[in-house]
Structures are given as C-alpha cells and as structure tokens.
Amino acid sequence: MSVIDLRSDTVTQPSAAMLDAMAKAATGDDVYGEDPTVNHLEAELAKRLGFAAALFVPTGTMSNLLGLMAHCERGDEYIVGQQAHTYKYEGGGAAVLGSIQPQPLDVQADGSLDLAQVAAAIKPDDFHFARTRLLALENTMQGKVLPLEYLARARSFTREHGLQLHLDGARLYNAAVKLGVDAREITQYFDSVSVCLSKGLGAPIGSVLCGSEALIGKARRLRKMVGGGMRQAGILAAAGLYALDHNVQRLADDHANAQLLAEGLRAAGFEVEPVQTNMVYVAMGDKAEAIKAFAAERGIKLSAAARLRMVTHMDVSRGQIEQVVATFVDFSRK
Ligand SMILES: Cc1ncc(COP(=O)(O)O)c(C=O)c1O
C-alpha cells in the first residue's frame, strides 16, 4: 500500500532526476566560498528575486534566524504574527540566540498584519523600551497569499517608521504561482526574504536568505556562529537548482489538488476553510484523533488537530486525493 502523507509539503522525496543532478554536482569547500554549485544557486536566486546577495543555509528556521539577527541587535524588537513561523515555531530562536524581543500581533483573516496595530505596537524612543527595528511577514501564511497591494503598503509603512521588512517566504513560490506573477513582484517590497527549497519545491534540504551585500555579509558570519557553515554543500544546492528549474510551475497542480480535496470534503458535509494554495484546513473538533487513526489504517498520514491541516505536494496525485476524499466519506458514515 503506498502511503499518502498529507501532514506537510516537507515530506517529499527527491526524484530520480533530482538525485542525478545532486550526484553530478561540482563541489568545493563552501566555508572557503569555493563551492561552485552553492555560489551558482546563491547568485541565481539573488538575481531571480532582485537582491544583491544570497546565502544558502540548511533550514528555513536558520534562514529566518540569520535574517532577524542580521537586521536586529541585542535589545531590538521585531513585530511578527502571533501564529507566524518566525515567532511560534522556531524554538524562540530570535530571543534565545539573538536577544531580540518579539512583539507578536494577531494575524488577520487574510494572513496579513493590520498596519494600524503594527503602528500602535512600535515603541517610542525611550530607554524603557526595546528598539522596534523590524516587521516580519509570512507569505503564504497558512496557505493564504498576501495581496500585492498590501505588500506595497507594508513597504511604505516600514519606510515611514524606519523599520526593516523581512519575509518568511518558505512558500514564496506558491504565492507567486497562485497570483500568476514573477516571484520578484512579491520580493521587491522586502529588505530580506527567506525562501525554502525543501517545501513544495521538493528539494530534500535547503533554504536561501536574500538581501543586500551588507546584510548577507552579516548573515554569513552568523551562519558560521550557529554551525551552519557547510563544506561540499554543492550536492544540496544542486537539488535546489533542480527544484527552481523544474518544480515551480507544477505547484499549480498542488493547488488544484487542494481545491479538489476541499470540494470533496465539503460535499461530504465537512466544514472546510476557503483554499488558496496547497493547504486545506478542516474543522474536525473532537474527531481529530479518530480520523487520524481511521485514515492511518488506509495508508493516509494525517496530523491530529481540531483544525486539521492537510497539505498537498508533488508526491500526492489527483487519484490519491480522490482516495482521501473517499476515506473521509467512509469516516463520516461510520
Ligand atoms: C512558514 C514556514 N517558515 C519556516 C519554516 C522552517 O523551515 P525548516 O523546517 O526548514 O526549518 C517552515 C517549516 O515548515 C514554515 O512552514
């Protein structure tokens, strides 16, 4: 029985063609700056996203951490969504390792932060307070795409208030594909962007932080400090380059599969939130553990949550989505 894993788009396996590209990668010692494939990936992504420089790192968590630490000093503050990855799901790294105070705010229904609330949270220049330095957004945010018009406003807002603007773009390309725009249309508004290659793009490992020469220079020093300086990392960068060349436009298939899943579940009477990209949220209430166990017996891996998240990705086919819908229908008739 082939397993259908809908817990996250991080579970994808590298394809044979990707593994082949990794095996053939030219490598060198990247801590010496001598890995040609890493250098190529960094230059390529910086160019594609409109930045002067980029840095390859093992994880999105490290990429966000280095971004925050490169923008902020000890005793500074960043404003961030209460439900954002950079606040809630990264072990408190910015506070623990960077001595940067988070100021979380509730995320709006569309995935944005209300700029009036952000303005109210900015601390006056007074020694009682941490120095507010940065606004961190996430796109997609739980599968929702931030409107370009909002990003333009966030950009002017941060300029007016002397803040830097960072994007956790773990799923930047899902947002770009959904909007039907070049990713640069999104990244143009930010001072730094973290992009994950190991989510929907299907690489096994790797994220890239993009920014100015000065910011990335600082992040490179910090990467060494936190133990993220890798040696012949070209084998990993090759997977990232392969992903960027082959797996971006196909994200539209994941989005279509997510719609199919949502429609099937709604037709079966489940309460499903509107779907924009590759994430489907279903209200399971106190049935979360029961559906997880029921689906597991049928080869479907789910998380257990009252607000159940299911994520489509390149290793889940349309036929398998139909199987998942059928499983939920059986469950509802139990
Ligand atoms: C929105 C978002 N940002 C950052 C990350 C961190 O990525 P990593 O797991 O590579 O540390 C994740 C991981 O799932 C994520 O969903």
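Guide: Helices (H or I, at least four residues) and strands (E, at least two) are DSSP runs, numbered from the N terminus. Gly211 belongs to strand β8 (residues 207–211). The model is a predicted one, in which local features need pLDDT of at least 70 and side-chain atom pairs count only at pLDDT 80 or more, whereas totals for chains, interfaces and linings use all residues. Residues are numbered from 1 along each chain as its sequence is written, and side-chain values use heavy atoms, with hydrogens and water left out.

Visitor: Why does Gly211 count as buried?

Guide: Buried means under 20% relative accessible area, exposed over 50%, and partly exposed in between (1.4 Å probe, protein chains only). Gly211 has 1% relative accessibility, and therefore counts as buried.

Visitor: What is Gly211 in contact with, leaving aside its neighbours within four places in sequence?

Guide: Contact means heavy atoms within 4.5 Å. On that basis Gly211 is in contact with Phe51, Ala52, Ala53, Asp191 and Ile216. Gly211 and Ala53 are 158 residues apart in sequence, yet their C-alpha atoms are 5.6 Å apart in space.

Visitor: What makes a group of residues a nonpolar core?

Guide: The group must be a set of buried Ala, Val, Leu, Ile, Met, Phe, Trp, Tyr and Cys residues joined through side-chain atoms within 4.5 Å. The largest such core has 55 residues, and those with the most contacts inside it are Leu49, Phe56, Leu137, Tyr173 and Phe190. Helix α11 (residues 234–246) gives the most to this core, namely seven residues. Another core, of 27 residues, lies apart from it and includes Phe270, Val272, Ile291 and Ile300.

Visitor: Which residues does Phe56 contact, leaving aside its neighbours within four places in sequence?

Guide: Among the contacts of Phe56 are Val38, Leu41, Glu42, Leu197, Met230 and Leu236.

Visitor: Why are Arg220 and Glu42 said to meet in a salt bridge?

Guide: A salt bridge is a side-chain nitrogen of Lys or Arg within 4 Å of a carboxyl oxygen of Asp or Glu. The N to O distance for Arg220 and Glu42 is 3.5 Å, so the pair qualifies. Arg220 lies in helix α10 and Glu42 in helix α2 (residues 36–49), so the pair ties together parts that are 178 residues apart in sequence. By this rule the count comes to 19 salt bridges.

Visitor: Are Arg220 and Glu42 buried or partly exposed?

Guide: Arg220, at 32% relative accessibility, is partly exposed, whereas Glu42, at 6%, is buried.

Visitor: Why is Glu297 called exposed?

Guide: Its relative accessible area is 61%, and exposed means over 50%, so the term applies. Glu297 forms a salt bridge with Arg298, the closest N and O atoms being 3.6 Å apart. Arg298, at 30%, counts as partly exposed.
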